[in-house]
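Here is a short tour of one model, written for someone who likes to know the cut-offs behind each term. Have the sequence and the coordinates at hand as you read.

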Amino acid sequence: MAVAKVIELSTSSSIGIEDAVKTGLAKCAESVKNIQGAWVNEIKVTTDAAGNIQEWRVNLKVSFVVN
C-alpha cells in the first residue's frame with residue numbers, strides 16, 4: 001500500500017504562471033522525492049501604480065509518495 005502526502009508552497013515569477021509553477025516544483029524536488037503532481041491552488045499578481053503586472057504568484061499543493 002502506498003501513502004501519499006500533500007504539502008503547500010508559494011512561489012513567484014516575473015515571467016508568468018507556468019514559470020512560477022516550474023520554478024516552485026524544481027525547488028521542491030531538491031528536497032522532496034517521488035513527486036506525483038501538483039494543484040495550482042491560488043493565483044495572484046502584483047502590479048505597479050499603472051496596473052502593469054510586476055510578478056505572478058501561485059500557491060501549489062504538491063503530492064508525493066512516501067516510502
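## Strands, helix and core

M1 sits in the segment before strand 1; helices (H or I, at least four residues) and strands (E, at least two) are DSSP runs, numbered from the N terminus. The model is a predicted one, where local features need pLDDT of at least 70 and side-chain atom pairs count only at pLDDT 80 or more, while totals for chains, interfaces and linings use all residues. Residues are numbered from 1 along each chain as its sequence is written, and side-chain values use heavy atoms, with hydrogens and water left out.

Let us begin with the sheet. Two strands pair if DSSP finds at least two bridges between them. Strand 3 (residues 53–66) pairs with strand 1 (residues 3–13) in the antiparallel sense, over 11 bridges. On that side, F64 of strand 3 is the bridge partner of K5.

Which residues make up the largest nonpolar core? It has 9 residues in all: L9, A20, V21, C28, V32, V58, L60, V62 and F64. Helix 1 and strand 3 are the elements that give two or more residues to this core, and strand 3 provides the largest share, 4 residues. A nonpolar core is a set of buried Ala, Val, Leu, Ile, Met, Phe, Trp, Tyr and Cys residues joined through side-chain atoms within 4.5 Å. Buried means under 20% relative accessible area, exposed over 50%, and partly exposed in between (1.4 Å probe, protein chains only).

Leaving aside residues up to four places away in sequence, V58 touches L9, S10, T11, I17, A20, V21, V40, E42 and I43, where contact means heavy atoms within 4.5 Å.

V45 lies in strand 2 and is partly exposed, with a relative accessible area of 32%. With residues up to four places away in sequence not counted, V45 touches I53, E55 and W56. The C-alpha atoms of V45 and F64 are separated by 27 Å, with the two residues 19 apart along the chain.

## Charges and surface

How many salt bridges does a search of the whole structure find? The search finds 3, a salt bridge being a side-chain nitrogen of Lys or Arg within 4 Å of a carboxyl oxygen of Asp or Glu.

| Salt bridge | N to O distance |
|---|---|
| K22 and E18 | 3.2 Å |
| E30 and K27 | 3.3 Å |
| R57 and E55 | 2.8 Å |

K22 and E18 are separated by about one helical turn because they are 4 residues apart in helix 1 (residues 17–29). Both K22 and E18 are exposed, and E30 and K27 are exposed too. R57 is partly exposed at 35% relative accessible area, and E55 is partly exposed at 23%.

Finally, M1, V3 and V66 form a nonpolar patch on the surface, with about 360 Å² of accessible area together. Patches are made of residues with over 30% relative accessible area and no salt bridge, with like charges joined within 9 Å and nonpolar side chains (Val, Leu, Ile, Met, Phe, Trp, Tyr) within 5 Å. Accessible areas come from the Shrake-Rupley method with a 1.4 Å probe; for residues, only the protein chains shown count as cover.
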